[in-house]
Amino acid sequence: MTTATTTTAPVHVRGLVHRYGTHGALDGVDLDLGPGVTGLLGRNGAGKTTLLRCLATDLEATNGELRLLGRDPGRAAERTEIRRRLGYLPQNPEFYPYFTAFGLLDYMAVLKELGGRRARHDEVRRNLDRVGLHDRRHSRIRRLSGGMRQRLGLASALLGDPEVLLLDEPTIGLDPEQRIRFRGLVSELAVHSTVVLSTHQIEDVAALCQRVVCLDAGRVAFDGTPDELVDRARGHVWERDGHPGEGYTAWRLADGRYRVLTPAGVAPGDTDGLEPVEPSLEDAYLLITGVEEGRR
Amino acid sequence: MSWHLTPAQAHEYAHHRADEVTAMSVEAHITHCAPCRDLLPADEDWLARSWEELRDVVDRPRRGPVEALLASLGMREGTAKLLAATPALYRSWLLATVAVLAAALLAAHHLPRGSLMFVFVAPVVPLAGVALAYGRGVDPAHSLTSVTPLAGQRLLFLRTCAVLVPALTLCMSVSLLLPSAHTPGRAAFWLLPALTLVAGSLVLSRWIHLSAASAALGVLWLVALSVMAVSEHAAPIQLLLPQAQVWWAGALVALLGAILLRVRTA
């Protein structure tokens with residue numbers, strides 16, 4: 001890691017590079033994140049999970065500068081201090097199936113050095129309540145559904161009200177009611193905490209995030225507010241009655257019309273019947289991450 | 001009971017001035033009479049604290065036998081929990097260890113040069129346990145636990161202890177039952193090589209995955225013994241003779257020094 005610069009942002013990243021062998025997953029990422037929810041978007045393989053694992057101190061970056069809560073995760077003592085104040089929900093978390101929900105959170109609370117037994121148990125109960133698992137607290141994890149396990153992972157990340165909360169695909173497997181509950185919970189935490197949410201669920205980003213970072217091939221392709229991202233898509237989203245033909249990203253809507261995306265610098269070949277429409281966040285995301293990979 | 005408490009009776013009872021018969025009568029009455037209960041002053045904070053404590057006792061998860069045993073031996077509650085909660089593969093390893101050691105014991109008693117099997121496996125048994133104790137790929141919840149303050153060396157050493165104690169106990173028990181074991185000192189010929197291999201794998205885990213480090217050292221041990229077994233000029237037992245034990249002890253001290261240095265400089 002290079003020499004640190006002075007920063008007050010809870011998450012400070014400069015020129016972060018990570019390689020798996022010869023494959024570059026992150027290629028010079030620059031970010032400063034503060035309290036609030038930041039949505040991390042990008043195609044599969046764009047580097048979202050690698051970036052989150054670096055931020056979670058689970059993975060050491062190959063190069064670049066990283067400061068979390070003003071500390072250097074490259075130093076063991078500072079890394080431990082960071083981990084006391086950090087919550088992380090990995091993608092597809094796995095558990096010890098023979099543990100109960102309460103037992104697992106209690107075990108995680110010991111690993112997080114959360115107080116004596118009573119205080120720890122109170123914190124475990126509070127977080128089981130928060131994710132709606134209080135009634136299943138004494139159920140073995142192998143008897144919980146996928147959505148319940150996902151909520152258990154979330155409860156584990158929330159233990160101790162972390163100042164930096166990193167969530168990798170947190171809403172996978174949650175039903176609509178639980179997703180609304182999740183959004184309320186994260187919004188509440190984000191008043192004081194820095195929350196980074198990696199997801200493919202654009203509606204979660206629209207509902208929760210004050211800031212969006214799009215990664216493409218390990219680099220930051222966009223960094224701004226959701227409105228700024230949508231603004232970029234203006235003039236590139238259309239609707240027409242029939243399919244515009246090969247070479248466009250287009251998909252059929254429920255009313256039978258086609259939604260068409262044209263990237264910047266590409267003029268529509270067949271303008272007949274193309275009507276400009278207000279772009280959505282999803283349109284903007286597809287345009288920023290490369291329409292050639294979008295829906296056809 | 002047809003009567004109700006007067007404010008004077010409630011005051012007498014609350015200040016412990018009611019006689020024993022009246023106090024018992026009042027207690028029986030207020031258990032089912034809310035208005036009379038309300039006449040008595042209540043310490044709400046104390047009640048809340050008591051209720052929380054009661055709730056915690058009733059609602060806390062039941063401790064497993066290992067955790068309860070460690071706690072009864074005076075170990076801190078959190079440490080006992082961490083030592084008892086080992087990855088799922090640990091149980092499979094324990095079963096496999098019992099089976100392998102039982103086979104080694106049978107071989108030692110019923111086959112010519114059968115004790116050689118125990119010589120081969122005893123130092124590898126703790127090593128196999130350590131290989132399965134910590135890290136990605138062997139610990140299902142590693143992605144959750146690896147970013148906690150106790151992760152890394154502290155959890156690694158705790159898990160190693162959790163493996164070493166049963167492994168060494170089992171190996172020592174079997175070695176005492178070997179036909180060649182006349183004294184506990186002679187029966188412990190395998191101990192220093194076993195500890196040295198474990199310490200070696202912990203040192204190597206700084207650079208490579210713990211499982212890979214343990215596997216590499218285990219294979220090295222078995223290859224060395226096999227080569228000596230087929231050689232005309234050497235025998236596997238030479239690795240365990242008193243002269244060799246001095247070398248094992250030296251290597252163990254050096255490796256423990258390296259581990260200590262690693263912990264201090266971390």
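In the predicted model, the largest nonpolar core comprises 131 residues, of which Leu104(A), Leu105(A), Leu166(A), Val196(A) and Cys171(B) touch the most other members. Helix α3 of chain A, residues 101–111, makes the greatest contribution to this core and supplies nine residues. Once neighbours within four places in sequence are set aside, the contacts of Leu104(A) are Phe95(A), Tyr96(A), Phe99(A), Ile141(A) and Leu152(A). In soluble globular proteins, nonpolar side chains tend to be buried together.

The overall architecture of chain A was examined next. Its secondary structure amounts to nine helices and 13 strands. The radius of gyration of chain A is 21 Å, close to the 19 Å given by the globule rule for 296 residues, and chain A is therefore as compact as a globular protein of that length. The C-alpha trace of chain A extends over about 70 × 50 × 35 Å along its principal axes. Buried residues account for 45% of the 296 residues in chain A. Of the contacts in chain A that link residues at least 6 apart in sequence, 68% are between residues at least 24 apart.

Confidence in chain A is described by a mean pLDDT of 89, with 93% of the residues reaching 70 or more. Residues 292–296 of chain A have a pLDDT below 50, and this stretch makes nine contacts in the model beyond near neighbours in sequence.

Chain A is divided into two domains, with domain 1 covering residues 27–225 and domain 2 covering residues 229–293. A distance of 34 Å separates the C-alpha centres of domain 1 of chain A and domain 2 of chain A. Twelve residues from domain 1 of chain A and eight residues from domain 2 of chain A take part in the contact. On the side of domain 1 of chain A that touches domain 2 of chain A, at least two residues each are supplied by β3 (36–42), α7 (202–208), β8 (211–216) and β9 (219–224) of chain A. By residue type, this side of domain 1 of chain A contains eight nonpolar, two polar and two charged residues.

Chain B is likewise assigned domains, namely domain 1 (7–60) and domain 2 (87–265). The C-alpha centres of domain 1 of chain B and domain 2 of chain B are 61 Å apart.

Several loop residues of chain A were considered individually. Asn44(A) is located in the loop between β3 and α1 (48–55) of chain A. Asn44(A) counts as exposed because it has 8 C-beta neighbours inside 10 Å, where the cut-off for an exposed residue is 12 or fewer. Asn44(A) and Ala76(A), separated by 32 residues in sequence, are 31 Å apart in space, C-alpha to C-alpha. Glu246(A) occupies the loop between β10 (237–240) and β11 (249–252) of chain A. With 8 other C-beta atoms within 10 Å, Glu246(A) is exposed. Along the chain, Glu246(A) and Pro226(A) are 20 residues apart, and 30 Å lies between their C-alpha atoms.

Positive phi values were found at two further loop positions. Asn92(A), a residue other than glycine, has a positive phi near 50 degrees. Asn92(A) lies in the loop between β5 (86–89) and α3 of chain A, and it counts as partly exposed because 13 C-beta neighbours are found inside 10 Å. Asp161(A), also a residue other than glycine, has a positive phi near 45 degrees. The loop that holds Asp161(A) runs between α5 (146–158) and β6 (164–168) of chain A. Asp161(A) has 14 C-beta neighbours inside 10 Å and therefore counts as partly exposed.

Note on methods: Residues numbered from 1 in each chain as written. Chains lettered and ligands numbered in written order. Predicted model: local features only at pLDDT ≥ 70, side-chain atom pairs only at ≥ 80, totals over all residues. Domains from an automatic or database assignment. Contact = placed C-beta atoms within 7 Å. Helix = DSSP H or I, 4+ residues; strand = E, 2+ residues; numbered from the N terminus. Nonpolar A, V, L, I, M, F, W, Y, C, P; charged D, E, K, R; others polar. Rg over C-alpha atoms; globule rule 2.2 N^0.38 Å. Buried ≥ 20, exposed ≤ 12 C-beta atoms within 10 Å, placed from the backbone. Core = buried A, V, L, I, M, F, W, Y, C linked by C-beta atoms within 7 Å. pLDDT = per-residue confidence, 0-100.
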